[in-house]
Amino acid sequence: MNRILRKTATTIAGLGLVLSSLAAHAEGQIRIAEQFGIVYLLLNVAQDQKLIEKHAKAAGIDAKVEWVKLSGGSAVNDALLSGNIEIAGAGVGPLLTIWDRTKGRQNVKGVASLGNFPYYLVTNNPNVKTIADFTDKDRIAVPAVGVSVQSRVLQLASAKLWGDKEFAKLDKISVAVPHPDAAAAIIKGGTEISGHFGNPPFQEQELAGNPQARIVLNSYQVLGGPASATVLYATEKFRAESPKTYQAFVEALNEAAQFVTANPEKAADIYIKVSNAKIDRELLLKIIKNPEVQFKTTPQNTYALAEFMHRVGAIKNKPASVKDYFFDDAQNAAGN
């Protein structure tokens with residue numbers, strides 16, 4: 001009996017070492033999905049300055065950080081649910097979609113905002129002055145039709161103009177195109193794509209590169225003011241099982257926000273280097289220093305889109321507040 005007990009104790013101890021090893025490995029791993037544009041500048045700074053590794057080391061762990069480039073909220077959400085990434089970077093629309101889809105299961109929620117940025121719907125069609133002027137001959141490029149934050153904001157604008165029943169009116173002329181390709185089409189001035197609901201710096205490049213390009217819609221106008229259009233989110237499991245890695249990421253993000261605000265020139269150089277962007281540096285600095293752009297991790301003015309998406313049936317669960325779809329962390333306490 002004593003021999004059996006000793007053997008059992010040895011087995012349990014060995015299992016404990018294995019589980020401890022697995023937990024340590026989980027703590028050190030973080031794969032982050034980002035997309036295109038200056039809206040991901042905080043991640044660019046964190047990558048360049050190795051801020052996640054810095055804060056992880058201070059917490060006593062060695063972080064293995066991987067950066068994944070994707071296009072569109074659908075691809076990002078698929079990567080998160082398949083376990084190929086730990087942190088997803090996409091718009092508020094994709095966050096709300098996956099929050100609703102995983103409620104009570106993986107429980108995906110927002111980690112932080114990447115800042116407030118006005119998103120412009122730009123057209124090169126001289127006949128289009130408002131969204132009401134688009135016809136079946138037009139094509140509006142968005143990162144993901146019906147899912148991306150650009151597409152959701154366009155739906156909200158359509159609902160305000162034509163009523164909730166017609167919220168998806170412009171989906172039929174929308175096409176999924178990565179921002180760099182859409183911007184190139186608008187600047188070129190062809191008719192294949194006549195509109196692009198983008199983000200910085202692509203929208204500013206379009207306005208600077210094509211005299212016919214003009215702003216049809218500003219996301220701030222639709223959402224009622226400065227808003228966090230692009231956010232970061234994760235599964236409840238990652239946050240619970242890798243608390244040190246999670247916290248190191250949040251601290252790195254906050255430090256990156258402080259860095260960009262204090263050092264716009266250095267931040268611009270980092271963006272060009274990390275993203276290999278072909279952009280005029282002066283135009284880039286103008287965007288970063290734009291008073292309407294705010295680099296902060298607290299989500300702002302996201303609930304209007306959440307309420308709208310529930311009202312038109314895009315999500316089944318109605319959040320009572322931003323606290324339902326963002327984790328209960330310090331950076332989110334004052335979110336709205």
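The protein chain averages a pLDDT of 91, and 93% of the residues score at least 70; pLDDT is the predictor's confidence in each residue, on a scale from 0 to 100. Where pLDDT is low, the predicted coordinates should not be read in detail.

This is a predicted model, so local features need pLDDT of at least 70 and side-chain atom pairs count only at pLDDT 80 or more, while totals for chains, interfaces and linings use all residues. Residues are numbered from 1 along each chain as its sequence is written, and side-chain values use heavy atoms, with hydrogens and water left out.

**The sheet**

- Five strands come together as an open sheet with mixed pairing, in the order β2-β1-β3-β10-β4. Strands (E, at least two residues) and helices (H or I, at least four) are DSSP runs, numbered from the N terminus, and two strands pair if DSSP finds at least two bridges between them.
- At the edges sit β2 (64–69) and β4 (109–113); each has a single partner strand, so one side of each is left without a neighbour in the sheet.
- From one strand to the next, the twist averages 30°.
- Helix α5 (residues 92–102) packs on this sheet, touching β3 (87–91), β4 and β10 (230–234), and its direction makes about 120° with that of β3. Angles like this one run from 0 to 180 degrees between N-to-C directions, and axes are lines fitted to C-alpha atoms, for helices over the stretch in contact.

**Strand β1 and its partners**

- Strand β1 (residues 29–34) runs parallel to β2, and the two pair over 6 bridges.
- Of the 6 residues of β1, 5 are buried, so the strand is largely enclosed by the rest of the structure. Buried means under 20% relative accessible area, exposed means over 50%, and partly exposed is in between (1.4 Å probe, protein chains only).

**Helix α2 and what it packs against**

- Two packed helices are described by the angle between their axes and the distance between the axes.
- For helix α2 (residues 41–48) and helix α11 (residues 243–262), the angle is about 105° and the axes are 9 Å apart. α2 and α11 are therefore roughly perpendicular to each other; angles of 65 to 115 degrees get that label, those under 35 count as roughly parallel, those over 145 as roughly antiparallel, and the rest as oblique.
- On the α2 side of this contact are L41, L42, L43, V45 and A46, and they meet F249, L253, A256, A257, F259 and V260 in α11.
- By class, the contact of α2 with α11 has 11 nonpolar, no polar and no charged residues. Nonpolar covers Ala, Val, Leu, Ile, Met, Phe, Trp, Tyr, Cys and Pro, charged covers Asp, Glu, Lys and Arg, and the others, Gly among them, count as polar.
- α2 also packs with helix α12 (residues 264–275): their axes come within 9 Å and cross at roughly 80°. That makes α2 roughly perpendicular to α12 as well.
- Here L41, N44, V45, Q47 and D48 of α2 make the contact with A267, I270, Y271, K273 and V274 of α12. This contact divides into 6 nonpolar, 2 polar and 2 charged residues.

**Loops and backbone details**

- K50, in the loop between α2 and α3 (51–58), has a phi near 50°, a positive value in a residue other than glycine. K50 is exposed, with a relative accessible area of 52%.
- N107 is not a glycine either, but has a positive phi of about 50°. You'll find N107 in the loop between α5 and β4, where it counts as buried at 19% relative accessibility.
- The peptide bond from P200 to P201 is cis, with omega near 5°; P201 is in the loop between β8 (195–197) and α8 (202–209).
- T130 lies in the loop between β5 (120–123) and β6 (140–142) and is partly exposed, with a relative accessible area of 38%. T130 and I215 are 85 residues apart in sequence, and their C-alpha atoms are 8.9 Å apart in space.

Notes
Contact = heavy atoms within 4.5 Å.
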